[in-house]
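This briefing goes through one protein model, topic by topic. Please look at the sequence and the structure before reading on.

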Amino acid sequence: MSYAPDTLHQPAEWTAKGTCTQPPYAGSDLWYADEWQKDDRRAAISLCRTCPVLDACRATAAKEEAGKAKAHRHGIRAAMTPRQRWLAEQKSREQAEPRPACGTTKAYYQHLAVDEPVDAACQAASDAYEQQLATTSQNGQR
Ligand SMILES: [Zn+2]
């Protein structure tokens with residue numbers, strides 16, 4: 001089993017199909033509109049939304065910018081501003097985090113956040129925490 005050389009390893013082939021790499025939008029300032037240039041940003045984002053390779057773009061941007069600060073992300077990519085891409089990464093990271101173990105206040109608040117019934121272990125952890133808070137504030141007041 002062999003592959004023709006020209007089908008091997010062409011990771012960026014899809015970019016040639018992107019709206020942002022084709023005339024009249026290739027090299028346009030729209031993609032690098034500043035935060036205050038809201039109309040340009042909106043125009044760029046709506047062009048991205050109709051782009052045939054949006055999914056590949058989103059996946060690539062997420063990979064290339066992983067762990068980067070907001071200020072180190074540039075331009076409109078995958079129908080998102082640098083800030084929106086940063087937020088999307090924070091969100092997906094939160095979702096990937098394992099849930100806290102039952103019997104902790106963290107797990108208790110997690111139950112509340114997702115509207116689940118609270119089990120006895122988590123209720124006890126929360127009660128203990130509330131108790132501790134009450135004690136601390138009494139001591140603070142003197
Ligand atoms: Zn629990």
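A78 sits in the loop that links α2 (54–64) to α3 (82–96); helices (H or I, at least four residues) and strands (E, at least two) are DSSP runs, numbered from the N terminus. The model is predicted: local features need pLDDT of at least 70, side-chain atom pairs count only at pLDDT 80 or more, and totals for chains, interfaces and linings use all residues. Residue numbers start from 1 along each chain, as its sequence is written.

**Backbone features**

- Most residues other than glycine have a negative phi, and most peptide bonds are trans.
- A78 is not a glycine, yet its phi is positive, near 55 degrees.
- A78 counts as buried because 22 other C-beta atoms lie within 10 Å; a residue is buried if 20 or more other C-beta atoms lie within 10 Å of its own, exposed if 12 or fewer, and partly exposed in between, with C-beta atoms placed from the backbone.
- D115 also has a positive phi without being glycine, at a value near 60 degrees.
- The loop between α4 (105–113) and α5 (120–141) holds D115.
- D115 is exposed, because it has 6 other C-beta atoms within 10 Å.
- P23 and P24 are joined by a cis peptide bond, with omega about 5 degrees.
- P24 belongs to the segment before α1 (38–49).

**Nonpolar core**

- In soluble globular proteins, nonpolar side chains tend to be buried together.
- The largest nonpolar core here has 7 residues, namely A33, A44, C48, C57, A61, I76 and A78; such a core is a set of buried Ala, Val, Leu, Ile, Met, Phe, Trp, Tyr and Cys residues joined through C-beta atoms within 7 Å.
- At least two residues of this core come from each of α1 and α2.
- Leaving out residues up to four places away in sequence, I76 touches W31, A33, R41, A44, I45, C48 and T81; two residues are in contact if their C-beta atoms, placed from the backbone, lie within 7 Å.

**Overall fold and dimensions**

- The protein chain contains 5 helices and 0 strands, in the order α-α-α-α-α from the N terminus on.
- The radius of gyration of the protein chain is 24 Å, whereas a compact globule of 142 residues would have a value near 14 Å; the radius is taken over C-alpha atoms, and the globule rule is 2.2 Å times the number of residues to the power 0.38.
- The C-alpha trace spans about 70 × 50 × 25 Å along its principal axes.
- Of the 142 residues in the protein chain, 11% count as buried.
- Among contacts with a separation of 6 or more, 37% are between residues 24 or more positions apart.

**Domains**

- The protein chain is assigned domain 1 (10–96) and domain 2 (105–141); the bounds come from an automatic or database domain assignment.
- A distance of 41 Å separates the C-alpha centres of domain 1 and domain 2.
- N139 lies in helix α5 and counts as exposed, because it has 8 C-beta neighbours inside 10 Å.
- N139 and A59 are 80 residues apart along the chain, and their C-alpha atoms are separated by 53 Å.

**Confidence**

- The average pLDDT of the protein chain is 89, and 90% of the residues score at least 70; pLDDT is the predictor's confidence in each residue, from 0 to 100.
- Confidence is highest in α1, at a mean of 97, and lowest in α5, at 88.
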